[in-house]
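Hi everyone, thanks for making time for this. Let me put the structure on the screen, and then we can walk through some salt bridges and a cavity.

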Amino acid sequence: MGFDNARPGMKWSVMTLKTAIYANDAGLVHFAGDGHPENSKRLSSVLEAMRAAFPENDQKIQWVQARQAADHEILLGHSKTYLDDLKKKDRQLKPGDAPISIDPDTRMSHGSLASVSYGVGAACQAVDDIMAGKYRNAFCVTRPPGHHATKNSSLGFCFFGNLAIAALYALQKRGIRKIAVVDFDVHQGNGTEDIVKENPNILFFSIHQEPLWPYMHHEDKGPHGTINNIAVPVTADPAIYHEIFDKRVIPALEKWKPDFIFVSAGFDAHRDDPPKEVLFNDAPGRQMLLEEDFDLMTKKLVTIADGFCRGRLISVLEGGYNPAVFASCCVAHAKILSGQ
């Protein structure tokens, strides 16, 4: 099977393939400390809801046991110095030790390093499986998020740039020449940008609230004109998001003609995220999106993937801190990916 770009609207037999959900309970092991917003409940609530919605015999969804990442995969996006430093800290931590801070917001405990590596492993595994024709597209249900981790540092709960690494990994595959990355998490995907900005074959979009942590919004298009940061105001009308997609993101993707699409699926722009009881730097109700708004954005990206790159799309889970809302959004997201 060749890998030339498709024409918009062209129907492919690959569309009969299932959507793969990559997950592993090993992702629950990472512990950032009592009261930390990035906790195992985020993942367990999603997995419980998704396993109820999509049983093992589902006709359109395939559950896949995610694997750990290899060092050479992590090093596609991060410096050896950074990885070695994490390994050194990991060796010093013993069972029962209190988590240590590796940056102001990110904590590491015994077992964390192995646990968080499943995010990178899942995303790279999804690339291999989709390229082999096993699945149409994929949703990597992993934690913690990854889009704030830079080449040389953790940041904002994130250890590794799961999506960014997988995008660079995909470019090593025959026929993958151009990649598009779309991040609709409420926070700017500064880490993904840091890792991919030097690569002229990756078109990057981050649609995020401004002002909001990490306070790195800028208009610089990067060295190759492929970096696009789009700010929305606090509690923006959801129509603003849809206008951004319709007038900026989708036309740019159609012009770019990607061979693979990667989505940073953060659901923390939901109206009810984070809940009031969560101790957080951000106030509750940052944005006003509802599940249906995320669904519509996802549908538009799936349409581009089906039209230009034989359905090849990998969605990687990012932020979302209200467990019930987060789980509901993830179930709906998987339904859109699988055409349900």
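Let's begin with a question: is Asp246 buried, partly exposed or exposed? With a relative accessibility of 43%, Asp246 counts as partly exposed. Here buried means under 20% relative accessible area, exposed means over 50%, and partly exposed is in between, using a 1.4 Å probe and protein chains only.

A word on the source: this is a predicted model, where local features need pLDDT of at least 70, side-chain atom pairs count only at pLDDT 80 or more, and totals for chains, interfaces and linings use all residues. Residues are numbered from 1 along each chain as its sequence is written, and side-chain values use heavy atoms, with hydrogens and water left out.

Asp246 has a salt-bridge partner, Lys300, at 2.7 Å from N to O. Asp246 sits in helix H7 and Lys300 in helix H8 (residues 291–308), so this pair ties together parts 54 residues apart in sequence. Lys300 itself is buried, at 19% relative accessible area. For the terms, a salt bridge is a side-chain nitrogen of Lys or Arg within 4 Å of a carboxyl oxygen of Asp or Glu, while helices are DSSP runs of H or I with at least four residues, numbered from the N terminus. By the salt-bridge rule, the count comes to 15.

Staying in helix H7 (residues 238–256), Glu243 and Lys247 lie four residues apart, about one turn of the helix. Their closest N and O atoms are 3.2 Å apart, in a salt bridge. Glu243 is partly exposed at 42%, whereas Lys247 is exposed at 60%.

Elsewhere, Lys87 and Asp71 form a salt bridge at 2.3 Å, N to O. This pair links distant parts of the chain, with Lys87 in helix H3 (residues 80–92) and Asp71 in helix H2 (residues 71–74), 16 residues apart.

There is also a network of salt bridges linking Glu38, Arg42 and Arg143. Arg143 turns up again in the lining of the second largest cavity, where the residues include Tyr118 and Val141. A cavity is a set of points on a 1 Å grid over the protein atoms alone where a 1.4 Å probe fits but cannot get out, and lining residues have an atom within 4 Å of a point.

How much space lies in that second largest cavity? About 30 Å³, a volume being the space filled by probe spheres set on the points, which are joined across faces, edges and corners. Helix H4 (residues 112–131) gives the largest share of its lining, three residues.

Key
Helices (H or I, at least four residues) and strands (E, at least two) are DSSP runs, numbered from the N terminus. On a 1 Å grid over the protein atoms alone, a cavity is a set of points where a 1.4 Å probe fits but cannot get out, and a pocket is an open set with protein on both sides within 12 Å along at least five of seven lines; lining residues have an atom within 4 Å of a point.
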